[in-house]
Every structure is written in structure tokens, then in C-alpha cells.
Amino acid sequence: MTESSDRKSGGHLTLWIIVAIVLAISVSIFVPIIGLSGFEKGTDEFTTREETLKGIFEAISFGGEIFLRVLKMLVVPLVVLSVMSGVLGMGDVRKLGRPGFVAITFYLATTVLAVFLGLAMVNLLKPGGADIDRAQAEAIVQNEANAEKIKENRETVEQGGALGIVKNLGLMIFTDNLFNSAAKSDLLPLIVFSLVFAGLLTTLGERVEIITKVIDQANHAMMAFVMLVMAFAPLGIFCLVAGRFGKEMLDDTFVQTMKLVWWYSVTVVGGLAIHSLVTLPLILWVITRRNPYRFIVQMGQSLLTAFSTASSSATLPVTMECAVDRAGVSRKSVDFVLPLGATINMDGTALYEAVAAIFIAQFLGRDLSLAQQMVVAVTATLAAIGAAGIPEAGLVTMLIVLNAVGLPLEYQALILPVDWLLDRFRTTVNVFGDACGAAIVDRSFPAAEIASTT
């Protein structure tokens, strides 16, 4: 299959994914409306019909869960093989120095920009100071289910402020059990191991020729596996979106809470839109001179999958396939930069955590000083880097941000009912930032090396 036919088929698949998402959202909105029409709320008939509809959406989400699990299944072997293949393709691990520096600098700089954009948006719009129904808000905070979830999050993360996050990040790099890290999808120690192991292989020459060939061939086989899985993407994405949206539409809590925190949601989504449609495209254009909005279209499958799965790690196989086959980024850059980005680059999460912390402070009537907002910026940046690439991981690390400025953790409950939706937007921004990083770092490789891998 030629490159043009690859891109044509990729465009058709993107279109089918868009159709799947639109259809899924339509089904999740209209099925509850039609299915519950004619029944009075609170009656036995209404309850029975509601439970039936929940069962239907639960069955639909089962198909989506299978698709998500298959994507996650590919992540660990794909990361290990792609990173090793990228290093081996260079022939000398020392050639990673400049691209590695560019990648880390870009990811850190864009995360900081996202945090300060979030702080500017939340201070400008003041969503926590709007006309909020205080009684309804306090009821959400006192809700037992929300309190239990926050308790679980508190048990998951250590409250040590910025220094605690740095310590945890340092420990994340090294693992005492590589297989345990693989089982938990802890990608950072796997990336470090792959870099070191492949780097050693480049120094051993012909003695490891068979191993290097096996790694390269296995990497190509994994990408073929990704293409096979993506053939079923529209169906899997339909099930994921319809299942989750449908259950939420049947739950009155989501609609009521969305009305309550509408301006907070607008602030988060607005900040994410500016970062993804202005900041990142501007940086991409200045450095690479490529059309950033055409690049967005080329990465469409990946961005739509990110929105559907709410997981940058699960989306990684799709992102790598799109970056190489549709956006024309070199395999060397993709194999090295994208796994790293899926692990440490969380622009959307950083922006959201900064907005959420200030929003809660505004709701409580606390005017955070400039110094306290700088603490929010630092902890939000570090917490986002340490966040796992899984759905709603930002909720866990956000507790660190709240704790750093002395805000009561239980008020995180205000944003819990709408977080599943906002999480999809910030994951999409995270993935787009990863892709921009790969395109930018691509230029740091020697032209001859790039040409040999595209």
C-alpha cells in the first residue's frame, strides 16, 4: 500500500470515528428522553424503565471497555520496542542528547505556559465568585459517594507538597521490579530501561546483531497490530462514548452540577482551547514552519481517540501511527519522543489543576496572594508531570495542589461530577502536545538520519 493510499484510508477512518462520536452522543441524549417520556418521575414504572435504560448503556459500554483494554494491552510492548528500535536505529545512544534536551525543554515549557494561562483565565473570569447556589454546592460536598472517592484519592497520593512530588518523580524513574512496572503500566522506568539497554546494544556490535534485528522486526509487527485494532476503532469508540455519556445523562446529578459549575467548565475548556489552538500551533509554526492546523487534521484519529478514551497512554499506539503515516514525522522522533510525552507531558492536566485550585479558593471566599498562586503554579506543573496517563488521574494529583495552599480537600467534590467530561478535553490537549513535541524534536535529528527513517 502506497503512502497516499495510507493517508486516504486514514482520512476515511477519521471520518468514521467522527460519525461514531456524533452518533454516540446523539443516542446518549435522545434515548433517555424518548425512553422515559410518558412516565412520571418517582413512580415504579419510571424507575423500572430507567433501570432498563441503564442496563442497555451498561451493555454498550462493555464493548467500549474491550476496545480500551486492547489499546492498553499494546502500550507496554509498544513503548519498550519503539524506544529500543529508535535508539538502535541511531547506531549511537549519544546522538539522543540533543533531541532529548529539546523534547524535555519543550514539554516543560509548554506545561508551564499552560499553567499560567489557566491562572490568567481563572483570575479573569472568576468562576468561583459567580452566583453559585451555595446550598446545592454544600450538598455535593457532603455527598457520601464524593467523600468516599476523595478519601480513596488521598490514600493513593502522599501529601508532601512540591518536595514530595519531586521525590516521587525521582523514585518513578527507577524500579525494583521491571515486570511489576509493566503490569502497572508505569512507563517511565520502562523508558529508562529501554534507553539504557538499547544504548548498550549499540556498543556491542555484531555480537548482538540477532537481538537488534528481532527488536526492529517486533516493532514493525506491533505497528501492524495497531493498524488492525484501529480498523475496529469506530465501533469501539461508539461504545465508549455512548456508554459513558448515556449513563451520565440518566443521572440528574450531572446536569444539576454542570449548571452549578458552568463557568468553571467554561474556564477550563476555554483555557484548553486557547492552549491547543493558539499557543501550541504558534510554537509549532515558529519552529517547524509547518501548517499547525493541517497538522491537527493529520492527527485527527489520535485526538478523537484521546477524547473517547480519556487516556493518553491508551491513545499512544494510535498517536504513533498517525504521526508517522499521516503527519510525516520521522520514525526516530516518534519512537523516542511520543512515549516520553505520554509519560511526562500533561499540559491539559496542569492547566485544569491550576484552574480548579483557584476556583475552589474563590468559592470559599479566599483571596490567594501572588505568592500562593505561584505555589499553585509550581505544584500544578509538578503534579501534572507525575500524573498517570489514565482517566481522571488529575483528580489524585490535584489533592497535592490543594494541600500546598491549605485548601480543604473535601471541596474537590464540587468538580467531581463533571470531571469525567472535562477529562476528555484535557486528555486531547495532552496528546496534541505530545504530537507537537515529536514534530519539533524531529528537526533536531540530522537530515540524513530523518530521511532514512521516513
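**Packing and aromatic pairs**

Val 376 touches Leu 119, Ala 354, Ala 357, Ile 358, Leu 368, Val 401 and Val 405, leaving aside residues up to four places away in sequence; contact means heavy atoms within 4.5 Å. The model is predicted: local features need pLDDT of at least 70, side-chain atom pairs count only at pLDDT 80 or more, and totals for chains, interfaces and linings use all residues. Residues are numbered from 1 along each chain as its sequence is written, and side-chain values use heavy atoms, without hydrogens and water.

**Exercise 1.** State how the rings of Tyr 264 and Phe 359 are arranged.

*Solution.* Step 1: the ring centres are 4.8 Å apart and the planes are at 35°. Step 2: rings of Phe, Tyr and Trp (its six-membered ring) pair if their centres lie within 6.5 Å; planes under 30 degrees apart count as stacked, over 60 as edge-to-face and the rest as tilted. Step 3: the pair is therefore tilted.

**Exercise 2.** Determine which parts this pair of Tyr 264 and Phe 359 ties together.

*Solution.* Step 1: Tyr 264 lies in helix α12 (residues 262-288) and Phe 359 in helix α17 (residues 347-363). Step 2: the pair therefore ties together parts 95 residues apart in sequence.

**Exercise 3.** Decide whether Tyr 264 and Phe 359 are buried or exposed.

*Solution.* Step 1: buried means under 20% relative accessible area, exposed over 50%, and partly exposed in between (1.4 Å probe, protein chains only). Step 2: both Tyr 264 and Phe 359 are buried.

**Exercise 4.** Locate the charged end of Arg 289.

*Solution.* The charged end sits over the ring of Trp 285, 4.2 Å from its centre; the criterion is NZ of Lys or CZ of Arg within 6 Å of the ring centre and within 35 degrees of the ring normal.

Notes
Helices (H or I, at least four residues) and strands (E, at least two) are DSSP runs, numbered from the N terminus.
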